[in-house]
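Dear colleague,

Please find below the structure I am handing over to you. My notes on what was found in it follow directly after.

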Amino acid sequence: MSKEWPLWEIFIRSQHGLAHKHVGSLHAPDAAMAVNNARDVYTRRNEGVSIWVVRAADIVASSPADKDTLFEPANSKVYRHPTFFPMPDEVKNL
Amino acid sequence: MDDKVVYLLRLGDNALILSQQLAQWCGKGPALEEDMALTNVALDLLGQTRLWYEYAAELEGAGRDEDQLAYLRDAHEFRNCLLLEQPNGNYADTLMRQFYFDSWHYFLIEGLTRSSDTRIAAIAAKALKEVSYHLRRSGDLIVRLGDGTEVSHLWTQAAADELWMYSGEVFAYDAVDEAMVSAGVAPPAAELRAQWLAHVGEVFAEATLTLPPADAWMQSGGKQGRHSEHLGYILAEMQFLQRAYPGAAW
């Protein structure tokens, strides 16, 4: 792919979805065309979807090496998890 | 043949021939995403073809189905506009053909949603979402190419000039079209042409392209079954299997 076509990450909220989910990536010369292309490549033009396109270069990811420092504290301390409270019936589905 | 059947076949033939042409880009587009988009448009048009044919076959009542209409008619029985059988050429040629067509197709379908024929209105309502997208997409790309590099501008202008004489056939109404207008089935030509010229002019201005003269001589004949030399080849490829194995089920 030529250097003028940067990579874009595509996030889509489906018709009954609550949040945008990362669905993949594509190349496009600019944001507007990335949205158009995302419709063709990832939604097949389903109605009621919302598309976010983000230039891949703008995404900052955590480093796999940081896994322990980022996630370990939560795993080893069960008292951090709100699992010890009996839930009232009215909010069973929370 | 009944006027309405002829009119429906024209709608179906336009969509089918353009769909067949676009499908030839499969795997050859300038980028993966463009490849997907072109074949998506081809699929949209094929879906519309089936709806028009289905209704035409019903009204005709001669026991023909959509497959027989698509695969067992020869060039002189096809009623698509000449614009759509023009070769794919380069990417600018393909996009300009698409843009001229979409600009008419959108306003036509939009008009047909108010057709006195409820079945036609329903098919148009379904197609409107698709053709709105087609129109937006091809217009966007014409602006990008026209207002792109020196070379892309040159090629896009060349495509615009080259295909111009095929752009007016859709507004040359014959007895069949006029019968549809008087029955409230189809929108009148003048109205569509004004909308078409306004839209194409607007996009061309943004694309820094020169609009060919609106009063230029226009080639026609496709709607009456008089085609250019291109259609026979398109049909030969499209219909080969059905001709070789008539009546085969798939």
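I begin with one pair of residues: B:Arg144 forms a salt bridge with A:Asp30, and their closest N and O atoms are 2.9 Å apart. Please bear in mind that this is a predicted model. In general, side chains of opposite charge can pair when their charged atoms come close. A:Asp30 lies in the loop between S2 and H1 of chain A, while B:Arg144 belongs to helix H6 (residues 118-146) of chain B, so the pair joins two chains. Across the interface of chain A and chain B, the rule finds 1 salt bridge. A search of the whole structure, over all chains, gives 12 salt bridges.

The contact between the two chains

How many residues does the contact take from chain A and from chain B? Chain A gives 16 residues and chain B gives 16 residues. The area buried between chain A and chain B is about 1300 Å², and carbon and sulfur atoms give 45% of that area. Between the two chains, 5 residue pairs are in polar contact, with both residues at pLDDT 80 or more.

On the side of chain A that touches chain B, the elements giving two or more residues are strand S2 (21-27) and helix H1 (31-43) of chain A. The largest share of that side comes from H1(A), with 7 residues. By type, the residues of this side of chain A divide into 7 nonpolar, 3 polar and 6 charged.

The sheet in chain A

Strand S2 of chain A also takes part in an open sheet of 3 strands, whose order is S2-S1-S3 and whose pairing is antiparallel. S2 and strand S3 (50-55) of chain A stand at the edges with a single partner strand each, so one side of each is left without a neighbour in the sheet. On average, neighbouring strands of this sheet are turned by 30° against each other, direction ignored.

Strand S1 (residues 7-13) of chain A is joined to S3(A) by 6 bridges, and these two strands run antiparallel. Within this pairing, A:Ile12 has A:Ile51 in S3(A) as its bridge partner.

Helix H1(A) packs on the sheet and touches S1, S2 and S3 of chain A. The direction of H1(A) makes about 115° with that of S2(A).

With kind regards

Note on methods. Residues numbered from 1 in each chain as written. Chains lettered and ligands numbered in written order. Predicted model: local features only at pLDDT ≥ 70, side-chain atom pairs only at ≥ 80, totals over all residues. Heavy atoms only, no water. Contact = heavy atoms within 4.5 Å. Buried area = accessible area lost by both parts, 1.4 Å probe. Salt bridge = Lys/Arg side-chain N within 4 Å of Asp/Glu carboxyl O. Polar contact = N/O pair within 3.5 Å; in protein donor to acceptor, adjacent residues only side chain to side chain. Helix = DSSP H or I, 4+ residues; strand = E, 2+ residues; numbered from the N terminus. Nonpolar A, V, L, I, M, F, W, Y, C, P; charged D, E, K, R; others polar. Pairing = 2+ DSSP bridges. Axes fitted to C-alpha atoms, helices over the stretch in contact; angles between N-to-C directions.
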